[in-house]
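The sequence and the structure come first.

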Amino acid sequence: MMAEDLPSIITKAMKNSSKKLQDENAALKESNRLIRMEAEKLYYNLMMVEIDHSRLEDAMDAELGGLRSAPKTAPPSPRENRAGE
């Protein structure tokens, strides 16, 4: 190897290294973009589940409220049970 070849060898190695780093950077940016999209999708799915859960709780509360406000009937007394025998 001659001394005048050394700068060109170093320049070529630097270009190759730089190109590899740029390719890796582009791949990481794409991966990051896809992960962010998936995270956003999961976030919106979670929000929809929370809304559905809230609606279900509201419906259950309304149903329980209706049962609480319905007129209560007393169980038959022991005398009424014996009269039917």
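**Arg55 and its partner**

Arg55 is exposed, at a relative accessible area of 57%. Arg55 forms a salt bridge with Asp52, and their closest N and O atoms are 4.0 Å apart. A salt bridge here is a side-chain nitrogen of Lys or Arg within 4 Å of a carboxyl oxygen of Asp or Glu. Asp52 is partly exposed, with a relative accessible area of 44%. Both Arg55 and Asp52 lie in helix α1, three residues apart, about one turn of the helix.

**Basis of the values**

The model is predicted: local features need pLDDT of at least 70, side-chain atom pairs count only at pLDDT 80 or more, and totals for chains, interfaces and linings use all residues. Residues are numbered from 1 along each chain as its sequence is written, and side-chain values use heavy atoms, with hydrogens and water left out.

**Chain overview**

The protein chain has two helices and zero strands. These elements are DSSP runs numbered from the N terminus, with helices (H or I) of at least four residues and strands (E) of at least two. Helix α1 covers residues 5-69.

Of the 85 residues in the protein chain, buried ones make up 0%. The chain exposes about 8,300 Å², and carbon and sulfur atoms supply 61% of that area. Accessible areas come from the Shrake-Rupley method with a 1.4 Å probe; for residues, only the protein chains shown count as cover.

**The other salt bridges**

The structure holds three salt bridges. Side chains of opposite charge can pair when their charged atoms come close. One of the bridges joins Lys19 and Asp23, with the closest N and O atoms 3.0 Å apart. Lys19 and Asp23 are four residues apart in helix α1, about one turn of the helix. Lys19 counts as partly exposed at 46% relative accessibility, and Asp23 counts as partly exposed at 40%.

Glu30 and Arg33 also meet through their side chains in a salt bridge, at 2.7 Å from N to O. About one helical turn separates Glu30 and Arg33, because they are three residues apart in helix α1. Glu30 is partly exposed, with 36% relative accessibility, and Arg33 is partly exposed, with 40%.

**Aromatic pair**

A search of the whole structure finds one aromatic pair. Tyr43 and Tyr44 form this edge-to-face pair, at 5.4 Å centre to centre and 70° between the planes. Rings of Phe, Tyr and Trp (its six-membered ring) pair if their centres lie within 6.5 Å; planes under 30 degrees apart count as stacked, over 60 as edge-to-face and the rest as tilted. Tyr43 is partly exposed, with a relative accessible area of 46%, and Tyr44 is partly exposed, with 49%.

**Nonpolar patch**

Leu6, Ile10 and Met14 form a nonpolar surface patch, together having about 300 Å² of accessible area. Patches are made of residues with over 30% relative accessible area and no salt bridge; like charges are joined within 9 Å, and nonpolar side chains (Val, Leu, Ile, Met, Phe, Trp, Tyr) within 5 Å. Met14 lies in helix α1. Met14 is exposed, at a relative accessible area of 56%.

Note on methods: Buried means under 20% relative accessible area, exposed over 50%, partly exposed in between (1.4 Å probe, protein chains only).
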